[in-house]
Amino acid sequence: MATKDVEQPVRKQGMYEVVMEQFAHAADVMGLDPGVRKILSKTNTEIEVNFPVRLDNGKIEVFTGYRVQHNNALGPYKGGLRYHDTVDLDAARALAIWMTWKTALAGLPFGGAKGGIHINPKNYSKGELERITRRFTYALGDNIGPDLDIPAPDVNTNPQIMAWIADTFSSTKSPSTRFVNLHVVTGKPVGAGGLAGRDRATGFGVVANLKSWSKLTGQPLKGMRFLVQGFGNVGYWTAHFLIKEGATLIAVQDASATFKNEKGIDPEALQAYSDANGRNVKGFPGAQEIDPKEFWGLKCDILVPAALGNQITGDNAGAITAKVVAEGANGPTNIEGEAILKKKGVDIIPDILCNSGGVIGSYYEWLQNKRAEIWKIEQVLEMIQDKVDTSFGKVVAAAKEHKVDWRTGAYIVALRRLEDTYMDRGIFP
Ligand code: NAD
């Protein structure tokens, strides 16, 4: 385990650079206390683990996993685990920092963390993924825990993987503490202690934000055209809920292909196809495959990036026709891309607000496990809606007060809460 200064040079326009530039801008605008600024400029802990796993062919492979814990002033560290070949310390660091802002903005008793394994999970069998996950959990040991650091699903991780983590963590402790440890992860399947509605929480929150945007700007969602990049958990559920508002899904892009249908794509049919096809949309019969480069310039009202970071950049932002970009993904817009969108008058619902339904859902799962309660999906969605709507109102008010964009407004709300906490509590010793 090591603690590192995060203000070290990283590769150009990496996600870390983006989050630090956003932070610096908001801290300047609001006049953030210099001591708090110093604290938040560093991650508390950065963990890198190398661990061996026997593959199905009998050979041993050594994997590298990460967990970066940025800040826990407000409560236990919280954030997803990603299985992807772009996972490294820089990515985990940036995503952990965004989590601190997100939980602070949402008013949750959590800090921020993120991690994952540098791996392409599509290259491994289910049995191998189970062994990799269990061994990674074992390697993290007591660096995670229900009152210390609580992982959740992210790109290429899912409820099954969360169930393996919870089971491994609990199985390595005394049997008498098994159910005290259930909430070491959130996003579990309902049968393994998960929360009804956690699966759809992020997409539900994205659409709750779009509904608030629609009300604020007087532009009805009904009849709007939308594009979704990434058709996994966030992309699918966003499309599912947005169609219910009367909008039409015109195009979808995932890692395998890009599809368009002017008459509309049925997200349920696409989801069923993708599920049966290794979670790839390639080959979907209900739309026409197009060149991925065409995606960003397609005529639309709403653009939902719901895949990876740094997707909207100086290269494609000029082509975007949307009235609003709803950031389902974390860090999808880089600094240059954002400047272009702003110049064009495109509204951006920033990631730390837009996709916060996920971590809010995770909070209720954590609370449900802690209290040994079981809630109904209707209650859960209502509670998520309430928190997301409250955050939206705060962000718009802060942006208005400081005459800044919504991203900076969101940062100001989050940073003010962290600043207040440090001011009230002081620094040990
Ligand atoms: P997922 O693994 O379920 O889906 C990811 C999707 O992105 C897949 O469809 C994949 O094919 C696609 N994708 C990957 N690389 C791509 C590329 N280069 N171009 C186009 N598409 C690509 O992941 P998810 O949980 O839906 O997460 C998506 C984003 O939302 C991530 O940025 C994640 O951090 C963020 N997020 C997720 C949650 C959550 O609850 N799962 C919560 C908040 C934010």
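Residues are classed as partly exposed when their relative accessible area lies between the limits for buried, under 20%, and exposed, over 50%. In this predicted model, Arg371 has a relative accessible area of 48% and is therefore partly exposed. The side chain of Arg371 meets that of Glu373 in a salt bridge, with an N to O distance of 3.9 Å. Glu373 is likewise partly exposed, at 32% relative accessibility.

Salt bridges number 23 in the model. One of these is formed by Arg134 and Asp167, whose closest N and O atoms are 2.9 Å apart. Arg134 belongs to helix α4 (residues 126–140) and Asp167 to helix α5 (residues 159–171), so the pair ties together parts separated by 33 residues in sequence. Relative accessibility is 23% for Arg134 and 26% for Asp167, and both residues count as partly exposed. Through shared partners, salt bridges join Arg134 and Asp167 with Glu130 and Arg178 in one network.

A further salt bridge, at 2.8 Å from N to O, involves the side chains of Glu365 and Lys188. Both partners are buried, Glu365 with a relative accessible area of 0% and Lys188 with a relative accessibility of 3%.

Arg82, located in strand β3 (residues 77–84), is also buried, its relative accessible area being 5%. The side chain of Arg82 is joined to that of Asp154 by a polar contact of 2.6 Å. Beyond residues up to four places away in sequence, Arg82 touches several others, among them Val87, Leu95, Gly115, Ile117, Val155 and Leu308. By contrast, Arg82 and Ala398, 316 residues apart in sequence, have C-alpha atoms 32 Å apart in space.

Definitions and conventions
Residues numbered from 1 in each chain as written. Predicted model: local features only at pLDDT ≥ 70, side-chain atom pairs only at ≥ 80, totals over all residues. Heavy atoms only, no water. Helix = DSSP H or I, 4+ residues; strand = E, 2+ residues; numbered from the N terminus. Buried < 20%, exposed > 50% of the residue type's maximum accessible area, 1.4 Å probe, protein only. Contact = heavy atoms within 4.5 Å. Polar contact = N/O pair within 3.5 Å; in protein donor to acceptor, adjacent residues only side chain to side chain. Salt bridge = Lys/Arg side-chain N within 4 Å of Asp/Glu carboxyl O.
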